[in-house]
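Please consult the sequence and the structure as you read.

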Amino acid sequence: MNKKDRISPKLVLLVLAVAGVVFAMAALLVNIFQRQQEAQKIFVRVVELTDRTEDPGEWGKNFPFQFDAYRRTVDQVRTRFGGSEAVPRTPTEADPRSVVAQSKIEEDPRLKTLWSGYAFAHDFREERGHAFMLEDQAYTGRQAIVPQPGTCLQCHASAYAPMMALGEGDLMKGFDKMNQMPYGEARKLVAHPVTCLDCHAPDSMQLRITRPAFIEGLRALKARDGIKNYDPNTMATRQEMRAFVCGQCHVEYYFKGPEKRLTFPWANGLRADEMLKHYEETQFKDWTHADTGAPTLKAQHPEFELWSQGIHARSGVSCADCHMPYKREGAMKVSDHHVRSPLLNINRACQTCHKWPEAELKTRVETVQHRTFELRNRAMDAVVALISDLKGARQRGETGADVSAAQAFQRQAQFLLDFVEAENSTGFHAPQEAARVLGMSIDLARQGQLALRERKGP
């Protein structure tokens, strides 16, 4: 073979390079096509879901990525001002739990003074994830102090299907019946903590509101603004619904009347003092304080209300944007159903909008929380001092208008303090609003002390 008949090595390399490029481009195009097809196929229908499918495991057959994340709410991780630690305990016949969260009343004994005569002074622990919301309610020591109503299960269990069954297809009737049932009787009707069914319509997966108390509370709030018969399931935007589904439970509430009807005190607005005004107008009380005789109020996890006063709410950022941020599973974009503190997921929860290093963002959040916690401690000291003064006045047999005025100041100051104490962001959802509420609490507590001291005269 002469030189002219030989194939040039350079030519061979060029052909191979071109073939490699063509193959790589073809593979890339195939991969892009597969991803596009994958993105269009949101889920594979393995089982048929209905309005009675309570078991999240059944939903997980169609939505495995969401279900896998949902199951991770068993995680117990503490942040600087929140979260929970796994505290071992010896199971008993009355309480089979081998792990619980840390006790908040042992961490800060002033809370026992605050809630003297109420069940929370006996047992109050840091909140754990959604996976534990039912068993922690069922086995709390508060159950042994004051019998709980079935009302509690509307936020501690997957209660939509049981309420529909109780009402024979009428949610409102089922709601009324469950409110009036003893806790032990209602507990037999529920099998799971909050599940897919409570937030999603099984036929379309659209977000929906399934808690009548939220619908009634929001309707009263909107009526104040001139909007009649507001229905979030037909009138709210999708972004609003990404906060509303959380607001079904993460709110302030009370049990109205002997029927223990779950009620949200929103007729005057969502701010703490506006809700306090509602309680004053209705003359509602949770209990009579054992040390002072004051008709006292207990605030309950008002995350939705405090968030509504903050910069994130005003910017259109929902609860889910931070606590259930979007993530990629292959080509699919899904909400992370591992509901948790954004501080444990800063990259997806915060850096989507805030282009700063994780350490900087975490420091900013903890600075806000630290300052709120400092102010909370000052308010706690002020209210506890008022309680001490009132207790002393009662022990001395003092009565009259000044004592009654001091009791009224305690009621108001304590509720405003407890509003921030019970809210689980340590002020971060709305720092300025949290500071305003705590400032009012301190002022009212000191006014109560002055009322007692002015009585004594110079």
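**Salt bridges, helices and contacts**

The side chains of E58 and K61 meet in a salt bridge, with 2.9 Å from N to O. This is a predicted model, in which local features need pLDDT of at least 70 and side-chain atom pairs count only at pLDDT 80 or more, while totals for chains, interfaces and linings use all residues. Residues are numbered from 1 along each chain as its sequence is written, and side-chain values use heavy atoms, with hydrogens and water left out.

Q: In which helix do E58 and K61 both lie?
A: A salt bridge is a side-chain nitrogen of Lys or Arg within 4 Å of a carboxyl oxygen of Asp or Glu, and E58 and K61 form one at 2.9 Å. Helices are DSSP runs of H or I with at least four residues, strands are runs of E with at least two, and both are numbered from the N terminus. The two residues are three residues apart, about one turn of the helix, and that helix is α2 (residues 56-62).

Q: Which relative accessibility does K61 have?
A: Buried means under 20% relative accessible area, exposed over 50% and partly exposed in between, with a 1.4 Å probe and protein chains only. E58 is partly exposed, with a relative accessible area of 28%. K61 also counts as partly exposed, and its relative accessibility is 42%.

Q: How many salt bridges does the structure hold?
A: R128 forms one with D136, the closest N and O atoms being 2.7 Å apart. R128 counts as buried, at 12% relative accessibility. A network of salt bridges links R89, D95, R97, R128, E135 and D136. In the structure, the number of salt bridges is 37.

Q: How many residues apart are K298 and D418?
A: K298 forms a salt bridge with D418, and their closest N and O atoms are 3.1 Å apart. The pair links distant parts of the chain, with K298 in the loop between β6 (295-296) and α16, and D418 in helix α21 (residues 401-422), a separation of 120 residues.

Q: What is the orientation of α20 relative to α21?
A: Helix α20 (residues 358-395) packs with α21 at an angle of about 155 degrees, their axes being 10 Å apart. Axes are lines fitted to C-alpha atoms, for helices over the stretch in contact, and angles run from 0 to 180 degrees between N-to-C directions. Angles under 35 degrees count as roughly parallel, over 145 as roughly antiparallel, 65 to 115 as roughly perpendicular and the rest as oblique. The angle therefore makes α20, relative to α21, roughly antiparallel.

Q: Which residues of α12 make the contact with α10?
A: α10 and α12 pack at an angle of about 105 degrees, with their axes 10 Å apart. That makes α10 roughly perpendicular to α12. Contact means heavy atoms within 4.5 Å. On the α10 side the contact is made by L171, M172 and F175, and on the α12 side by P212, A213 and E216.

Q: How far apart are the end C-alpha atoms of α12?
A: The expected span of a helix is 1.5 Å times one less than its number of residues. For the 13 residues of α12 (residues 212-224) this should give 18 Å, and the model agrees, with its end C-alpha atoms apart by 19 Å.

Q: Which residues does E126 touch, not counting residues up to four places away in sequence?
A: E126 is placed in the loop between α5 (110-114) and α6 (133-138). E126 is buried, with a relative accessible area of 9%. Not counting residues up to four places away, the residues that E126 touches are G83, S84, A101, Q102, K104 and N424.

Q: What distance separates the C-alpha atoms of R394 and G293?
A: R394 is in helix α20 and is partly exposed. Leaving aside neighbours within four places in sequence, R394 is in contact with H289, A290, D291, T292 and G293. R394 and G293 are 101 residues apart along the chain, and their C-alpha atoms are separated by 8.5 Å.

Q: What percentage of the residues in the protein chain is buried?
A: The protein chain has 22 helices and eight strands. Of its 458 residues, the buried ones make up 48%.
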